[in-house]
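Student: I keep hearing about salt bridges. Could you show me how to read them in a structure?

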Amino acid sequence: RRQSDGTYFRFSTGNKIAIHTAPSLPGPWTYKCAMLPSGSSIPLNGNQDLWAPDVVQVGNTYYVTYTVSAFGGQDSAIGLATSDSMDCGSFKDLGATGVESHAGDNYNAIDSQIFKDGNSYQMQFGSFWSNLYQVSMNNPPLKSTGPNRHLAFQPAGTHPEEAPYMIKNGNYYYLFWSEGSCCHLDTDRPAPGAEYKIKVCRSSSATGGFVSLSFLF
């Protein structure tokens, strides 16, 4: 929600990060533009088909992280664009954040979220392989400062965890993520218990260790 005029913004996968706006959360939502109409400057396959945007305001600037990848592969990178207004045409692509992955790594550099903890910034990311990771960012959060930290791991099956998202409530940090079989369910239903769902764990620190709580949906 843009404080200056109360407009709600939605950033979504596809169309080089599609931007919709609405006067309120229920809508109506109106498509406005592609965030990066020329695609990403990151030289990887998928730089014209951008995924998983996440938006955070730092001072007077909006930071949008996004994923460059090809479905099912590990040649992936997390990019960053900034804007002072979120208006169409105002986003500057800053390219790679330093978070990337390649075949043989323990993680996949997709599905990012920047989280502000006091004066520091952490980025959560990851999908499948060895699941969810975190890396410290500089301030402002333009680049990662490493090393990566392991946040969560599902040892069974295909390790189906992705899309981490952290919040703080009271004295605890809550880490949410999606887990299970997510795709092609019109032809191949998952086994009971393997359905796509949202899970949550919590910790007294933004960097762990996290204790599993429950399924949400």
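Tutor: Let's go through the salt bridges here one by one. This is a predicted model, where local features need pLDDT of at least 70 and side-chain atom pairs count only at pLDDT 80 or more, while totals for chains, interfaces and linings use all residues. Residues are numbered from 1 along each chain as its sequence is written, and side-chain values use heavy atoms, leaving out hydrogens and water.

Student: What can side chains of opposite charge do when their charged atoms come close?

Tutor: They can pair. A salt bridge means a side-chain nitrogen of Lys or Arg within 4 Å of a carboxyl oxygen of Asp or Glu.

Student: How many salt bridges does that rule give?

Tutor: It gives 3.

Student: Which residues are linked in a network of salt bridges?

Tutor: R2, D5 and D87. R2 pairs with D5, their closest N and O atoms being 2.8 Å apart, and R2 also pairs with D87, at 2.7 Å. Strands here are DSSP runs (E, at least two residues), numbered from the N terminus.

Student: Is R2 buried or exposed?

Tutor: Buried means under 20% relative accessible area, exposed over 50%, and partly exposed in between (1.4 Å probe, protein chains only). R2 has 11%, so R2 is buried. D5, at 44%, is partly exposed, and so is D87, at 37%.

Student: Which residue does E179 pair with?

Tutor: K199, with the closest N and O atoms 3.8 Å apart. E179 lies in strand β13 (residues 172-179) and K199 in strand β14 (residues 197-203), so the pair ties together parts 20 residues apart in sequence. Both E179 and K199 are buried.

Terms used
Helix = DSSP H or I, 4+ residues; strand = E, 2+ residues; numbered from the N terminus.
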